[in-house]
Amino acid sequence: MPQYQTWEEFSRAAEKLYLADPMKARVVLKYRHSDGSLCIKVTDDLVQWHLKYYKILNLRNVIVGDLET
């Protein structure tokens, strides 16, 4: 299960996975309040992409910036 370090790399890989077969692709979000981490997993049952954030404030800035472009 490859784990990405940056949102840009992860979003490109997730988009490619989704565009390959939109009916099989799914996303799982898992937030843990105890340590403030957010885990995002995109899969089509053959390939999995994984991204983990430990500081939710950084994620908010990344996603808002990505949506504006």
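My entries on these topics follow.

**Ground rules.** I am reading a predicted model, where local features need pLDDT of at least 70, side-chain atom pairs count only at pLDDT 80 or more, and totals for chains, interfaces and linings use all residues. I number residues from 1 along each chain as its sequence is written, and side-chain values use heavy atoms, with hydrogens and water left out.

**Sheet.** I looked up the strands (DSSP runs of E, at least two residues; helices are H or I runs of at least four, and both are numbered from the N terminus). Four of them form an open sheet in the order S1-S4-S3-S2, with mixed pairing. S1 (3–4) and S2 are the edge strands with a single partner each, so one side of each has no neighbour in the sheet. S1 pairs with S4 in the parallel sense over two bridges; pairing takes at least two DSSP bridges between strands. Glutamine 3 sits opposite histidine 50 in S4.

**Salt bridges.** I looked for a side-chain nitrogen of Lys or Arg within 4 Å of a carboxyl oxygen of Asp or Glu, and the structure holds two such salt bridges. One joins arginine 26 to aspartate 45, with the closest N and O atoms 2.9 Å apart. This pair links distant parts of the chain, 19 residues apart: arginine 26 is in strand S2 (residues 26–32), aspartate 45 in the loop between S3 (37–43) and S4 (48–53). Another joins aspartate 35 to arginine 32, with a closest N and O distance of 4.0 Å.

**Exposure.** Buried means under 20% relative accessible area, exposed over 50%, and partly exposed in between (1.4 Å probe, protein chains only). Aspartate 45 is exposed at 57%, while arginine 26 is partly exposed at 41%.
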